[in-house]
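Welcome! Here is a friendly briefing to read with the sequence and the 3D view open side by side. Take it one topic at a time and find each part in the viewer as you go.

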Amino acid sequence: MNDTFARDTVSRTWTAPVAFPESVPKKADVVIIGGGIIGVSTAWFLAKQGIRSVVCEKGHIAGEQSGRNWGWVRQQARDPREMPMIIESLRIWRGLEVEIGEEVGFTTAGCLFTARSEKDLEDFEAWLSVSRQFGLDTRIISGKELEAQVRGGPADWQGAIYTPSDGRAEPHKAAPAIARAAARLGATVLTGCAVRGVEREAGRVSAVVTEHGSIQTSAVLCAAGAWSSMFCRSIGISLPQLKVRGTVARTAPADVVLNGAVFDKRIGIRRRQDGGYTIAHGSVLDHSLTPSTLRHSLKFMRALKRELSVLRLSIGRDFIDEWRMPTRWALDQVSPFENQRVLSPEPNKKVLAELRVNLYETFPALAGVEIVESWAGMVETTPDVIPVIGEAETLPGFYIATGFSGHGFGIGPGAGKAVAGMLGGKDSGIELNEFRLGRFSDGSPIRPYTTI
Ligand SMILES: Cc1cc2nc3c(=O)[nH]c(=O)nc-3n(C[C@H](O)[C@H](O)[C@H](O)COP(=O)(O)OP(=O)(O)OC[C@H]3O[C@@H](n4cnc5c(N)ncnc54)[C@H](O)[C@@H]3O)c2cc1C
C-alpha cells in the first residue's frame, strides 16, 4: 500500500516487534536511559566529541513522546529561559538532513497562532518583546497577509502572531534518524533494554543495571521522558513531574490551506511532508488524577491554574495502576519498565469526534478529508513547564534531562547539544543554570511562563 494512505505510517514506530540485544557492553563513558529525541540527540553530540555512550531504550526509539508529537519546531511563545536553546536547535534542524544524510522532514514553514479576540491579540503583543530581545522575525499579521498564510480561515479571526523562521519536522522519522547517525559515529543504541536502576561506589554512580546485565560507567543520563520521575524516585531523588494525555490524528493528503503550523483555540494543525495534516484539538488535554497529582499538587498549583480551561480531569484506572506500581524493586527482578515496554495511551474518542468537527468547520476546504490514523501520547511536564537539566546534587554522576513538556521535540537537538556539552565538559554556549533540579526545593519561586 502507498505509505501515505497506510493506517500505521506513524504508529508503526511503536507497534513493530521490539528488537532485543544479545548482550550489553561491559563499560561506557556515558549511559543514556531513554531513546527519545533528547537521549539520541545527546548521544549524537557526545559521539561528535569522541565520547562513547550507550543508549538504553526499553521499547522502541521514538516509541513514546518523540514519535507521537505534533511535529512543531517553534520558537514562538516560548518561555524566555528556553530561547537560547531553541534558537540553537533550529540552527541544527536546518542543517540536519545534510549533516546526517537522512530525511527528517524538516522545513522552515512558519508558525502562526490565531486570535479570536482583542484579548488574544494583546497577549500576543506581550510576547513580541521576548521575540525582539532574541532578534526573531515574529510579527502580528491580519487581513490579506493572514489569508496568504492560511487560506479560507474563519471570518472571526482578528489576526495572528506569526514567526516565519519556525519549522516543522516528521516525528516518526527524526529521532530514529538521529539515533542511526549517533550509531554511525560510535554510539551503541539498544532497544528492548530497560534500565532497572543504578549502582554506587564511594557515593557516586558506578554502573547501571539493565535487564540484560550491568554496564560500568561514571556518568548516567536519565532522559526517560514520562518515566523519569518514577526512575528517580526509585533511587531516592524527588523529581516533580505530571502527565497529560494528548490525542492526535493524521489526515490523508489534501488541498493546501497552510504550509506550516497553525494554532487556533479549536485546532492545532500542521502540514505534513506527505501532503496530509497532523491535527489535534486546540484546547483539550486529559489529565487522569494519580497519586503523583496529589504528591506534587502544591508545586504544580500555578501551572494547573493556567491550564484549567483546557484540562479535562478524570479519576479511574490510572489512579489504581499507579497506586499499585512498586516504587522500589530488586535489580535482579523484572522491573515496571519491562512490564510496560511502551507507554501507549488510547486516543480519546470524544476528543477525536470534536476534532473532526473543528477541522471541517475551521477549514471548510478540508471538509470531508479522511482521517487515516489517530494515536495518543503522554506529555510530561514540570511545575514551571521548562525542563530539568543537570546533575543530581545528592548523587554525583547521575544527570537528568527531562520534563520538556509539549515542546521538547523542536528543542531536542539543541538540548542534546547542551546536555552533551555538560557531560563532556565542553561549553555549548547554552546556559543551563535555570534548569537545575534544585530550583524546586531551594525556595526559588516557581514561575510557569507558558502553558504545557
Ligand atoms: C501529543 C503530543 C504532542 C506534542 N507536540 C509537540 C510539538 O509539536 N513540538 C514539540 O516540540 N514537542 C511536542 N511534544 C513534546 C515532545 O514530544 C516531548 O517533549 C519530547 O519528545 C520529549 O522527548 P524525550 O526524549 O524527553 O522523551 P520520550 O520521547 O518520551 O523518550 C523517553 C524514552 O525513555 C524510555 N524509557 C523510560 N524509562 C526507561 C528505562 N528505565 N529504561 C530504558 N528506557 C526507558 C521510554 O521508553 C521512552 O522511549 C508533544 C508531545 C505529545 C505527547
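**A helix, a strand and the chain around them**

The buried residues of helix H9 pack against strand S14 (242-251). Before going on, keep in mind that this is a predicted model.

**Helix H9 and its bend**

- Helix H9 covers residues 291-307, and its end C-alpha atoms are only 19 Å apart, whereas a straight helix of 17 residues would span 24 Å at 1.5 Å a residue.
- Where does H9 bend, and by how much? The bend is at Ser297, and the angle is about 85°.
- The residues of H9 that count as buried are His296, Phe300 and Ala303, and it is the buried residues of this helix that pack against S14.

**Strands S14 and S20**

- Ten bridges link S14 with S20, and the two strands pair in the antiparallel sense.
- S20 is largely enclosed by the rest of the structure, because nine of its eleven residues are buried.

**The chain as a whole**

- The chain contains 13 helices and 22 strands.
- Its radius of gyration is 21 Å, close to the 22 Å that the globule rule gives for 452 residues, so the chain is as compact as a globular protein of that length.
- Along the principal axes, the C-alpha atoms fill a box of roughly 65 × 55 × 45 Å.
- What percentage of the 452 residues count as buried? The figure is 49%.
- Of the contacts with a separation of 6 or more, 78% are between residues 24 or more positions apart.

**The nonpolar core**

- The largest nonpolar core has 119 residues, and Ile33, Val220 and Leu221 are those with the most contacts inside it.
- Helix H13 (residues 408-424) gives the most to this core, contributing eight residues.

**More strands to find**

- Strands of a sheet pair through backbone hydrogen bonds, in either a parallel or an antiparallel way.
- Strand S18 (residues 285-288) is covered on both faces, with Leu285 and His287 buried on one side and Asp286 and Ser288 buried on the other.
- S18 runs parallel to strand S19 (residues 311-314), and four bridges join them. His287 has Leu313 as its bridge partner in S19.
- An open sheet of three strands has the order S3-S8-S4, with antiparallel pairing. Its edge strands are S3 (72-73) and S4 (107-108), each of which pairs on one side only.
- Two bridges join S4 to strand S8 (residues 167-168), and Thr107 stands opposite Arg168 in S8.

**Two residues with positive phi**

- Most residues other than glycine have a negative phi.
- Ala77 is not a glycine, yet its phi is positive, at about 65°. Ala77 sits in the loop between S3 and helix H4 (83-100).
- Is Ala77 buried or exposed? Ala77 counts as buried because it has 20 C-beta neighbours inside 10 Å, and 20 is the number at which a residue is called buried.
- Val385, also not a glycine, has a positive phi of about 60°. Val385 lies in the loop between strand S20 (371-381) and strand S21 (388-391), and it is buried, with 25 other C-beta atoms within 10 Å.

- Ile267 belongs to strand S16 (residues 267-271) and counts as buried because it has 23 C-beta neighbours inside 10 Å.
- Ile267 and Ala280 are 13 residues apart along the chain, with 5.8 Å between their C-alpha atoms.
- Not counting residues up to four places away in sequence, Ile267 touches Ile279, His281, Gly282, Leu355, Asn358, Leu359 and Thr362.
- Ser441 is in the segment after H13. With 11 C-beta neighbours inside 10 Å, Ser441 counts as exposed.
- The C-alpha atoms of Ser441 and Gln216 are separated by 30 Å, and these residues are 225 apart along the chain.

Key. Residues are numbered from 1 along each chain as its sequence is written. This is a predicted model: local features need pLDDT of at least 70, side-chain atom pairs count only at pLDDT 80 or more; totals for chains, interfaces and linings use all residues. A nonpolar core is a set of buried Ala, Val, Leu, Ile, Met, Phe, Trp, Tyr and Cys residues joined through C-beta atoms within 7 Å. A residue is buried if 20 or more other C-beta atoms lie within 10 Å of its own, exposed if 12 or fewer, and partly exposed in between; C-beta atoms are placed from the backbone. The expected span of a helix is 1.5 Å times one less than its number of residues. The bend at a residue is the angle between axes fitted to the seven residues ending there and the seven starting there. Two residues are in contact if their C-beta atoms, placed from the backbone, lie within 7 Å. The radius of gyration is taken over C-alpha atoms; the globule rule is 2.2 Å times the number of residues to the power 0.38. Two strands pair if DSSP finds at least two bridges between them.
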